[in-house]
Amino acid sequence: MEDDLKPRFIQSLQRNNDQIREDRARTIGADSELIYRRRVEDIDLKIKRLEREQEGLIDISPLDRNSLTFADFQPEAFVQKDIEYSLTLRNLNIQLEVAVKRFEYLFGKAF
């Protein structure tokens, strides 16, 4: 009866180098893939949020629905902020494109 039971600890000690390397590679690969995927998703989320904020800049609605007075609109501040958003979005889109290509190359999976 004792010969039939093999404790996990003993089995682990008896593994050969190839088995050990394979287990470690799977663990490292799975962790890296998950972290990489999350990073790509974070970049995508930043892009979506910034696009919404940028669209919000052009909302110069009246103070209320009965008013003909528009909110204090400062053209120079608008232009500066819009350019900042545009440049940030451009950089984030480049990061996203590069990160997706690298993810697919490194992990052999479509994102």
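Select R37 and E33 in helix 2: these two residues lie 4 residues apart, about one turn of the helix. Helices here are DSSP runs of H or I with at least four residues, strands are runs of E with at least two, and both are numbered from the N terminus. The model is predicted; local features require pLDDT of at least 70 and side-chain atom pairs count only at pLDDT 80 or more, while totals for chains, interfaces and linings use all residues. Residues are numbered from 1 along each chain as its sequence is written, and side-chain values use heavy atoms, with hydrogens and water left out.

**The R37 and E33 pair**

Display the side chains of R37 and E33, which meet in a salt bridge at 4.0 Å, N to O. The term salt bridge denotes a side-chain nitrogen of Lys or Arg within 4 Å of a carboxyl oxygen of Asp or Glu. Side chains of opposite charge can pair when their charged atoms come close. Is E33 buried or exposed? E33 is buried, with a relative accessible area of 16%, whereas R37 is partly exposed at 26%. Buried means under 20% relative accessible area, exposed means over 50%, and partly exposed lies in between (1.4 Å probe, protein chains only).

The side chains of K109 and E33 form a salt bridge of 2.8 Å, N to O. Salt bridges with shared partners join E33, R37 and K109 into one network. K109 itself is partly exposed, at a relative accessible area of 40%.

**Another pair in helix 2**

Now select R26 and E22, whose side chains meet in a salt bridge of 2.2 Å, N to O. R26 and E22 are 4 residues apart in helix 2, and therefore about one helical turn separates them. R26 is exposed, with a relative accessible area of 56%; E22 is partly exposed at 41%. The count of salt bridges comes to 6.

**Helix 2 against helix 3**

Colour helix 2 (residues 17-57) and helix 3 (residues 75-107). How do two packed helices come to be described? The description uses the angle between their axes and the distance between the axes. Helix 2 and helix 3 pack at an angle of about 160 degrees, with their axes 9 Å apart. Helix 2 is therefore roughly antiparallel to helix 3, a term for angles over 145 degrees. Axes are lines fitted to C-alpha atoms, for helices over the stretch in contact, and angles run from 0 to 180 degrees between N-to-C directions.

Move to F9, found in helix 1 (residues 8-14). F9 is exposed, with a relative accessible area of 59%.

**The whole chain**

Of its 111 residues, 14% count as buried.

Definitions and conventions
Parallel < 35°, antiparallel > 145°, perpendicular 65-115°, else oblique.
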